[in-house]
Amino acid sequence: MSPLSFCDFNPSQTKAIYELLAQTFDTSPTELEHFYYLLRKDFDDDGWPPSVYADRRFFSSLKQHFQAKYERAPIVACDLPSLLSRGGQKLVMIVAQDSLSRDPAPDKVRLGTPYAMHLKQCRQEIYHTRRYFRLIDVLLTHGYQVYLTDLYKIYVGGINLPKKDRERFRAVLKREIEVLEPQALITWGREATTAVEKLKTGREHCSYPHPAAPWAWAKLMGTKATQENVLAYWQNDLFERL
């Protein structure tokens, strides 16, 4: 099996993604390069590396009343888009919902990646996130690069984002798709699925239940949603559609 690479963007992808994120958040391509370096450097390490944080200035809401809630929230998180590959050339995009976090960080923004795939423990040891990686690795071992991104790229302690901020993040997602031109879009869960459908990208869209919703997988498959059953269904169904 080919070795796993993390965020090995080509130069044009790097430039486009950094510029897009710098337009979305109060940051710069130089600062983003540093954040990605911190996330990348411990990719193959065992254990739990130090968390990566940005200052709260990182995000500004389009609604003033929400900005006050954001500044006071004990938990704020942002997952930066990531790219996983085992040397494949074809690109697919998996769209997650948001940057869910339970780690308090007053006055800071906890930075990570969708499903914490930058952490070896989460890819190999932690039960829930290991499930995500096993699904992703099916694509990697069949010659696909997998770009992971969140629909809503900021998570504020369980508080719903205002409509204007949600619309802004949907526009960012549309731009990501235009820039990266994935062969297909894959969504897990209703929120991400609905958002991608509304974008009308004209690209193949493969929609599935969220991996953390075994009851939805059981309904879809007509059988018990064991990890092996889900994995087999995912592989068979996905490659019929790609």
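Author: Helix H2 (29–40), strand E5 (90–98), strand E6 (108–112) and helix H5 (127–140) each give at least two residues to the lining of the largest pocket, where helices (H or I, at least four residues) and strands (E, at least two) are DSSP runs numbered from the N terminus. The model is predicted, so local features need pLDDT of at least 70 and side-chain atom pairs count only at pLDDT 80 or more, while totals for chains, interfaces and linings use all residues. Residues are numbered from 1 along each chain as its sequence is written, and side-chain values use heavy atoms, with hydrogens and water left out.

A pocket is, on a 1 Å grid over the protein atoms alone, an open set of points where a 1.4 Å probe fits, with protein on both sides within 12 Å along at least five of seven lines, and lining residues have an atom within 4 Å of a point. The largest pocket is lined by 34 residues, and Leu100, Arg110, Tyr115, Ala116 and Thr129 lie nearest its centre. Helix H5 supplies the largest share of this lining, four residues. By class, the lining of the largest pocket holds 16 nonpolar, 10 polar and eight charged residues, with Ala, Val, Leu, Ile, Met, Phe, Trp, Tyr, Cys and Pro counted as nonpolar, Asp, Glu, Lys and Arg as charged, and the others, Gly among them, as polar.

Turning to the second largest pocket, its lining includes Gln97, Asp98, Tyr155, Val156 and Arg166. The lining of the second largest pocket has six nonpolar, three polar and three charged residues.
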